[in-house]
Amino acid sequence: MITTLFLDIGGVLLSNGWGHEFRYQAAEKFSLDIPEMEERHKRMFVSYEEGKITMDEYLNRMVFFKPRNFSLSDFRAFMFSLTTPHWEMIEFIKKLKEQYGFKVVA
């Protein structure tokens, strides 16, 4: 009997929050150097994903390691604006939960 369903949020219930497509959009919008940003992302993202650093620390090391003509809050707002729900998947998981009564851990 299934009692628990483990899900990833990014790419399952929501859009892939900070995948390479979104990073490229951010680079274009804020005129960032993509190779430099990607290199810094590779070095920092695991620490961020594992909760060893905050989002602000991650962004300070990836984007704001030098002065910019935009703010951290502007950049964060853009990042969050890219996240969209996958309503079909959310509804599917809700139905499974109702039908089988299991606990969802995201």
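Visitor: Please begin with Lys97: is Lys97 buried, partly exposed or exposed, and why does it count that way?

Guide: Happy to! Please keep in mind that this is a predicted model. Lys97 counts as partly exposed, because its relative accessibility is 41%; partly exposed covers the range between under 20% for buried and over 50% for exposed. As for its place, Lys97 belongs to helix α5, which spans residues 87-100. Along the chain, Lys97 and Thr3 are 94 residues apart, yet a separation of 9.7 Å is found between their C-alpha atoms.

Glu38 has a relative accessible area of 13%, so it is buried. Leaving aside residues up to four places away in sequence, Glu38 touches Arg23 and Tyr24.

The largest nonpolar core is made of 21 residues, and Trp18, Leu32, Tyr58, Leu59 and Phe75 have the most contacts inside it. At least two residues of this core come from each of α1 (20-30), α2 (34-49), α3 (55-62) and α4 (72-81). There is also a second, separate core of six residues, with Leu7, Leu13, Ile93 and Leu96 among them.

Phe75 leads us on to the aromatic rings. The structure holds 10 aromatic pairs. In one of them, the centres of the Phe30 and Phe75 rings are 5.0 Å apart and the planes meet at 45°, so this pair is tilted. Because Phe30 sits in helix α1 and Phe75 in helix α4, the pair ties together parts that lie 45 residues apart in sequence. Both Phe30 and Phe75 are buried. Phe75 also pairs with Phe64, this time edge-to-face, with 6.1 Å from centre to centre and 90° between the planes. That pair links distant parts of the chain too, since Phe64 is in the loop between α3 and α4 while Phe75 is in helix α4, 11 residues apart. Phe64 is buried, as is Phe75. Taken together, Trp18, Phe30, Phe64, Phe70, Phe75 and Phe78 form one aromatic cluster.

Another ring to look at is that of Phe65, where two arginines come in. The charged end of Arg40 sits over the Phe65 ring, 3.4 Å from its centre. Arg68 lies over the face of Phe65 as well, at 5.3 Å from the ring centre.

Let's finish at the largest pocket, which holds about 480 Å³ of space. Its lining has 19 residues, and Gly10, Gly17, Trp18, Phe45 and Tyr48 lie nearest the centre of the pocket. The elements α2, α3 and α4 each give two or more residues to this lining, and α2 provides the largest share, four residues. Trp18 is a handy residue for tying the tour together: it has a place in the aromatic cluster, is listed with those that have the most contacts inside the largest core, and lies among the residues nearest the centre of the largest pocket.

How values were computed: Residues are numbered from 1 along each chain as its sequence is written. This is a predicted model: local features need pLDDT of at least 70, side-chain atom pairs count only at pLDDT 80 or more; totals for chains, interfaces and linings use all residues. Side-chain values use heavy atoms; hydrogens and water are left out. A nonpolar core is a set of buried Ala, Val, Leu, Ile, Met, Phe, Trp, Tyr and Cys residues joined through side-chain atoms within 4.5 Å. Buried means under 20% relative accessible area, exposed over 50%, partly exposed in between (1.4 Å probe, protein chains only). Rings of Phe, Tyr and Trp (its six-membered ring) pair if their centres lie within 6.5 Å; planes under 30 degrees apart count as stacked, over 60 as edge-to-face and the rest as tilted. A charge sits over a ring if NZ of Lys or CZ of Arg is within 6 Å of the ring centre and within 35 degrees of the ring normal. On a 1 Å grid over the protein atoms alone, a cavity is a set of points where a 1.4 Å probe fits but cannot get out, and a pocket is an open set with protein on both sides within 12 Å along at least five of seven lines; lining residues have an atom within 4 Å of a point. Grid points are joined across faces, edges and corners, and a volume is the space filled by probe spheres set on the points. Contact means heavy atoms within 4.5 Å.
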